Protein chains: 2
Amino acid sequence: MSNSFTSAVFETETMDVPGGTETILRGGRHLFPLLPEAFGGVRRIGVIGWGPQARAQSRNLRDSLAGTGIRVSVGLRPGSASAADARAHGFTEQDGTLGDWLDVVAESDLVILLIADAALAAHHEEIFAALRPGATIGLSHGFLLGHLRATGGTFPDGHGVIAVCPKGMGDSVRRLYEQGAEVNGAGINSSFAVHADPDGRAVDRALAWSVALGSPYTFQTSLEREYMSDIVGERAILLGAVHGLVEALYGHYRLEGDDPVTAYERSCENITGPIARTISADGLRAVRERLDPDGRDTFDRAYHAAYGPARDLVAEIYDEVADGTELRSVILAERRLASRPMSGIGGSPMWAAGDAVRARRGERTLPVDPFTAGMFVATMMAQVDEFAERGHPWSEIVNESVIEAVDSLLPYMHARDVAYMVDNCSRTARLGARRWGPRFQAAYEQLAFPAKPAGQEVNGFTDHPVHEALAAAARLRPSVDIHVA
Amino acid sequence: MSNSFTSAVFETETMDVPGGTETILRGGRHLFPLLPEAFGGVRRIGVIGWGPQARAQSRNLRDSLAGTGIRVSVGLRPGSASAADARAHGFTEQDGTLGDWLDVVAESDLVILLIADAALAAHHEEIFAALRPGATIGLSHGFLLGHLRATGGTFPDGHGVIAVCPKGMGDSVRRLYEQGAEVNGAGINSSFAVHADPDGRAVDRALAWSVALGSPYTFQTSLEREYMSDIVGERAILLGAVHGLVEALYGHYRLEGDDPVTAYERSCENITGPIARTISADGLRAVRERLDPDGRDTFDRAYHAAYGPARDLVAEIYDEVADGTELRSVILAERRLASRPMSGIGGSPMWAAGDAVRARRGERTLPVDPFTAGMFVATMMAQVDEFAERGHPWSEIVNESVIEAVDSLLPYMHARDVAYMVDNCSRTARLGARRWGPRFQAAYEQLAFPAKPAGQEVNGFTDHPVHEALAAAARLRPSVDIHVA
C-alpha cells in the first residue's frame with residue numbers, strides 16, 4: 001500500500017517516516033465546520049452498541065456535530081442493560097436518539113458497529129440485511145473482516161465499508177477529547193481504512209468521522225493491517241506482555257529479597273508510572289539516557305536478555321493471528337463461556353500490594369528501575385521490529401506499539417491495576433491476554449532473567465528508526481495530561 | 001465404539017470398567033509362539049525412523065520374533081545421523097536389516113512409521129507411493145490422521161492402516177520389556193486401533209505387534225480417540241501441566257520462606273518421587289489415605305482449589321486439539337524453527353537446585369507433601385473427568401492420564417529433570433508443553449493458590465469410578481521396577 005491518499009475537503013500533510021513519507025491529516029476543532037461537507041450526504045449516524053468505544057464515540061460525534069443537523073443515535077439490543085446509562089448520557093427514545101439496534105441501522109446513513117466481537121460474529125447478517133440502500137458500514141477494528149474470512153462470508157455489495165480505529169481505549173477517547181476544549185487537537189490518534197467505496201466518498205467520510213472523534217492525527221492503513229496490528233498488539237505489549245512481565249518481575253524481585261511493596265514498585269508501578277510517563281513525554285531513548293552509567297549498564301543487560309525471547313513470542317502471535325488460528329481459539333472460548341465463565345487474572349500475590357503502593361504515591365518520586373525498564377523497552381521494541389518486518393506503516397507501528405500503550409492503557413493501569421484494565425477491554429483482548437500473558441511470563445522467567453549477556457551499548461536501540469517515527473508522531477499532537485483519576 | 005473385539009489367534013479377556021466391560025488382550029512371552037500366525041503373512045517388518053520409539057520398538061520386535069523367520073529392518077533417510085547408533089544396536093546393511101527408508105518401505109509387509117511428525121507431514125506421500133501392494137501401514141499415534149484431515153489428504157486405498165500406541169516413552173518401552181525376561185508380562189500397556197482393514201487380518205496383526213512389544217495388556221481405541229487423548233494428555237498431566245505445576249509450586253514455597261532445596265523437594269521431587277511411586281503401587285486414593293488428618297485437610301483444600309482451573313484448561317486444550325487449531329499452531333511453529341530455534345525451558349531458578357536434591361536422596365525418605373499432592377492429583381483427575389466426558393474408553397483414560405505418567409514419564413523426570421524429559425519427547429509434545437505449561441503455571445498462581453475453599457472430604461474423589469478402572473488395569477500387569485537409573 002502507498003500510505004498516501006487525497007481528500008476533497010481537508011488539507012492533508014506529509015509526515016516524514018523512516019525510509020519515506022506518509023500522508024496524514026492533522027485534526028482539531030477548527031475543522032469541525034468542514035464535517036458536514038466531508039460526511040458527504042450522511043444525515044444520520046447510528047452507533048450500534050454501548051461498550052467503552054460506543055460510549056466515547058457516540059458522545060464525541062454528537063458534541064462535534066452539534067448544530068450541523070447531523071444526528072447521532074445509539075442502537076441497542078432489545079432489553080439491553082445499557083439503556084439506562086445511554087439515557088443518562090443524553091441519548092433518549094423521546095428525541096429519537098436511542099432505539100432498537102435494527103431500527104437505528106435501518107434509518108442511518110453511516111452505521112458504526114461497536115458491539116462486542118461475539119455479537120458481531122453472531123448478528124452481522126441481520127444487521128447487513130437491515131441497512132438502507134447505499135448506507136456506509138463503519139468499523140473500529142478489523143475483527144469482522146477476520147471473522148468473515150474465517151467463515152467464508154463477505155460484506156454486502158453496494159455499501160461503503162470504512163474503518164476509523166482510535167489507538168486507545170474508549171475511556172481515553174472521551175477523556176482526551178474533553179481536554180480538546182482547552183487544548184485544540186488533544187485526543188487519541190486514529191487509523192482509517194477504506195475497504196469498499198462504491199460512491200467515491202469513503203475517504204472523506206472516514207476522515208470526518210476521525211476528526212469528529214478528536215483524533216490529533218489520522219493515518220491510513222488497510223482493514224487487514226489494522227486487524228493484524230490490533231489483535232497482535234493487545235496480545236503483546238499493550239496487554240498480554242505487560243501482564244506477563246509484571247508478574248515475572250514481581251516474583252523475581254521478591255525472591256531477590258524485596259518486600260511486597262518494593263517489589264510492586266519496581267515492577268508494575270515502575271512501568272505504569274515513570275517509564276510510561278518518560279516515553280510519553282520524551283520518547284523511548286530518554287528512558288535509557290536519563291539513567292546513570294550503572295543504570296545504563298543494567299538496562300542494556302536486561303534489554304539484551306529480553307529482546308530475543310520477546311521477539312520470538314511476538315512472531316509466534318503474528319503467525320497465529322495471520323493464520324486464523326487465534327481467531328478460531330477465540331470462537332472456541334466464546335462457546336465455552338456459557339458453561340465455563342472466564343476466570344480472573346488478579347488473584348496472584350502481587351496485586352495485594354497495589355493499595356499500599358498507591359497510598360505511597362504522594363511521598364516521593366519513584367525513579368525508573370533500570371532492569372525493569374530494559375525488559376519493558378526490549379519487549380516494546382520486539383513488537384516494533386516485528387511489525388516493521390511484516391510491512392506495517394510507521395504510523396501504525398508507533399501508535400499500536402508505543403503511543404497507545406503510554407498514552408492510554410498504561411495510565412489506566414496506573415489508576416486501577418492490570419487485572420482491572422484487562423477486564424475492561426474487549427472480550428477478544430481479554431481472552432488473548434489470558435492466552436499469551438503466561439507465555440511472556442514464562443519466557444522472562446525461563447530465558448530472560450537467567451541470561452547473563454555482557455553489558456554493552458544496546459545494538460540498534462539508540463540509532464533505531466523508531467525514534468524518528470515516534471518524534472514525528474509526537475509533533476502532530478499537543479501535549480496532553482494522560483493522568484487518569 | 002463398542003470396546004469389544006475378537007481375535008482368531010489370541011484368547012481375549014473381559015475387563016470390568018465403570019459402567020460396563022472392555023475386551024482386552026493380556027500379553028506375555030508365552031504368546032510369542034503365536035506371533036507368526038497372528039501377523040498373518042507378514043514376513044518383513046520395516047520400522048522407519050530411529051527416534052526413541054523406533055529405537056525401542058525395532059529391538060523389542062526383533063527380540064520377540066527371533067527364530068520365527070520374520071525379519072525386522074530399520075529404514076533411515078539418506079545420510080541420517082542415526083545410522084551409527086542403529087548399527088551399534090545390531091541393525092546393519094550387511095545382513096539387510098538397515099537401509100534407505102524408501103527401500104525398506106518397498107520391501108516390507110508391515111511398515112511402521114516412527115519418524116518425527118514433521119517428517120511424516122512432509123514425506124507421507126513418497127512413503128505411500130513406495131508401499132508394496134497390500135502392505136499394512138502401522139502408526140504409533142494418530143498425528144498423521146490429524147494432519148491428513150487438516151490438509152485434505154487420505155490414506156492410500158488397498159492398504160490396511162493399524163496403530164499400536166504404547167502408553168509410555170520409547171525408553172520405558174525398551175526398559176520394561178527387558179524386565180519381561182524375568183517377570184513375564186512386564187512392559188508398557190498399549191492401545192490399538194484399526195483404521196482400514198482390506199483383508200480382514202488387521203486386528204490380529206495389531207495384537208501381534210503389541211504382544212511383540214511386550215505390552216502387559218492391549219485395549220482397543222480408534223485412531224481419532226488415540227489422537228485426541230495423546231495430544232491432549234501430553235499438553236496436560238503428562239508434560240505441560242506437570243511442568244507448569246512444579247514451576248508454580250517452587251515459587252510458592254520459596255516465597256513462603258523455604259530454601260531452594262526444600263522448595264524443590266516439596267514441589268518437583270515430591271511429584272516425581274513419592275507421589276508417583278504411591279500412585280503406581282497403590283493407586284490414586286492411597287495418596288490421600290496415607291496422610292495424617294491435618295495432611296488430608298490440606299490435600300482436600302488444595303484439591304478443591306486446583307480442580308476447577310485445571311479442568312477449564314484441559315477442556316480448552318481438548319477443544320483446540322479437536323478443532324485442529326493446535327495442530328495448525330504446531331505446523332506454524334515448525335516453519336519458524338529454521339529461523340527461530342526452539343528455546344529452552346530449563347533456565348528458571350528452580351532447576352539449579354536439582355543436583356543438590358538428587359545428592360540428598362539416600363539420606364532420608366521424602367514424605368508426600370499434602371499441598372503438592374492435592375494440586376497434582378486434582379490436575380490428574382481433571383484430565384480423567386474431561387476424557388470421560390468426551391467418551392474415551394476407560395482403559396485409554398487411565399493409561400493416558402495415570403499409568404503413563406506414574407510408570408513412564410515421572411520416573412524419567414525423577415532421574416533427569418522435567419526440562420530434559422520434555423526435550424526427549426516428540427517435537428509436537430515439546431511445542432505443546434511450551435504452549436500450555438505456562439497456562440497451567442498462571443492458573444495455579446492466579447487461581448488455585450489464592451483460593452481459600454473450606455477443607456472438606458473431597459467430593460467425588462474418594463468414590464470416583466477411576467479407582468475401579470485403575471485397579472482393574474493394575475491387575476493386568478505384573479509389578480515392575482519403574483526406577484530409571
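Tutor: Between domain 1 of chain A and domain 2 of chain A an area of about 1,800 Å² is buried, and carbon and sulfur atoms give 60% of it; buried area here is the accessible area, taken with a 1.4 Å probe, that two parts lose on being put together, summed over both. On the side of domain 1 of chain A, the residues that lose the most area to domain 2 of chain A are A:Pro18, A:Lys167 and A:Met169, which together make up 35% of what that side buries. This is a predicted model, in which local features need pLDDT of at least 70 and side-chain atom pairs count only at pLDDT 80 or more, while totals for chains, interfaces and linings use all residues. Residues are numbered from 1 along each chain as its sequence is written, chains are lettered from A and ligands numbered from 1 in the order in which they are written, and side-chain values use heavy atoms, with hydrogens and water left out.

The two domains are residues 13-214 for domain 1 and residues 232-474 for domain 2 of chain A, with bounds that come from an automatic or database domain assignment. Their C-alpha centres lie 30 Å apart, and 19 residues of domain 1 of chain A are in contact with 23 residues of domain 2 of chain A, where contact means heavy atoms within 4.5 Å.

Between these domains of chain A there is 1 salt bridge, a term that stands for a side-chain nitrogen of Lys or Arg within 4 Å of a carboxyl oxygen of Asp or Glu. A:Lys167 pairs with A:Glu400 in a salt bridge whose closest N and O atoms are 2.6 Å apart. The elements that give two or more residues to the side of domain 1 of chain A that touches domain 2 of chain A are β1 (13-17), β2 (20-26), α5 (117-130), α6 (143-151) and α7 (170-179) of chain A; helices (H or I, at least four residues) and strands (E, at least two) are DSSP runs, numbered from the N terminus. By class, that side of domain 1 of chain A has 9 nonpolar, 5 polar and 5 charged residues, with Ala, Val, Leu, Ile, Met, Phe, Trp, Tyr, Cys and Pro counted as nonpolar, Asp, Glu, Lys and Arg as charged, and the others, Gly among them, as polar.

Now to the chains. Chain B and chain A bury about 3,200 Å² between them, with 49% of it on carbon and sulfur atoms, and B:Leu255, B:Arg340 and B:Gln446 supply 20% of the area that chain B buries against chain A, more than any other three residues. In this interface 34 residues of chain B are in contact with 34 residues of chain A.

The count between chain B and chain A is 14 salt bridges, and A:Glu316 and B:Arg435 meet through their side chains in a salt bridge of 3.7 Å, N to O. Two or more residues each come to the side of chain B that touches chain A from α10 (240-255), α14 (293-323), α15 (325-336) and α20 (427-448) of chain B, and α20(B) gives the most, with 9 residues. That side of chain B divides into 9 nonpolar, 9 polar and 16 charged residues.
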